[in-house]
Amino acid sequence: MKRIALVALVCNLAAADDAGKAKALELLREGLDAYGRSDFAGALGQFEEAFRSFPSVKLLVNIGACHRELGRPEVALDFYDRFLREAGPDAAELRAVAERDAEALRDRVGEILAQGPAGARVAIDGRVVGALPLAAVRVAAGEHDVEVGPHRERVRVAGRGRVTVREPEASSPIAPAPALLSAEPSVSPAATPPPAAETRTGDDPTERRGLFYTWFAAGTAAALAAGALFWWEAELGREASVDVGVGPGSASVGGRF
């Protein structure tokens with residue numbers, strides 16, 4: 001069916017009698033021959049030259065068919081859609097072929113929509129496609145490397161789908177909050193042990209009771225010792241003297257026998 005559509009175009013051009021159309025007809029025949037031999041790149045060159053010699057919209061179908069066979073469905077779809085927009089009523093048969101082929105191509109084509117600041121450069125798979133703002137760009141379904149300004153991203157695009165790639169907004173670094181000055185020590189109060197209270201001997205009631213008992217016991221012992229010595233003096237009739245000293249925290253007994 002594609003070959004029939006191409007031949008129909010040849011017949012239409014054959015009716016022309018001006019020099020541009022004659023040259024276009026010759027190029028078209030050469031292109032058809034290359035297309036029949038599956039030399040799609042050669043056929044594309046002939047069809048493009050024919051279009052420059054005589055810009056018939058019907059040649060857009062031939063050019064689109066070559067791009068489709070060369071694995072560039074997104075480019076082929078652009079040519080088919082252009083033909084469908086511009087073709088007149090005299091191309092009804094070719095229109096039916098173009099509509100069918102274009103519909104099949106849409107399953108193999110998606111779109112990438114780039115967003116970001118105005119003027120940012122957009123490149124897809126290393127090829128610059130323009131600067132923002134930019135309409136969605138058709139691409140073959142599959143994975144693509146997209147650049148929007150300095151932002152780079154690898155995306156997967158599905159047939160009839162659209163992927164949006166945004167350049168992240170440049171965020172200014174946030175300055176740290178200034179340290180607050182305080183007259184208080186930086187160490188937490190809970191971490192600072194309270195100062196030890198000054199303690200003097202005898203101030204504590206418990207300590208005073210302990211000292212009282214100590215003096216009492218020392219005095220009792222000294223009195224008993226003195227009594228024992230007086231008994232020995234009465235019994236033995238010898239001269240004896242006792243010195244008893246009691247002071248805070250100490251007791252002493254001295255004697256001569």
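Tutor: Helix 5 (73–86) and strand 4 (137–140) each give at least two residues to the lining of the largest pocket. This is a predicted model, so read the whole account that way. Strand 4 contributes the most, with four residues. The pocket itself holds about 230 Å³ of space. Rolling a probe the size of a water molecule over the atoms shows where such empty space is left.

Now the lining by name. E74, V75 and D78 belong to it, and so do I124, D125 and R127. V137, R138, V139 and A140 line the pocket too, together with H144.

R127 is a lining residue, and strand 3 spans 127–131. H144 also lines the pocket, and strand 5 covers residues 142–148. The sheet is open and has four strands, in the order 3-2-5-6, with antiparallel pairing. Strand 3 and strand 6 (151–157) are its edges, each pairing on one side only. On average, neighbouring strands of this sheet are turned by 25 degrees against each other, direction ignored.

Strand 5 and strand 6 run antiparallel, and seven bridges join them.

Terms used:
Residues numbered from 1 in each chain as written. Predicted model: local features only at pLDDT ≥ 70, side-chain atom pairs only at ≥ 80, totals over all residues. Heavy atoms only, no water. 1 Å grid on protein atoms, 1.4 Å probe; cavity = no way out; pocket = protein on both sides within 12 Å on 5 of 7 lines; lining within 4 Å. Points joined across faces, edges and corners; volume = space filled by probe spheres on them. Pairing = 2+ DSSP bridges. Axes fitted to C-alpha atoms, helices over the stretch in contact; angles between N-to-C directions.
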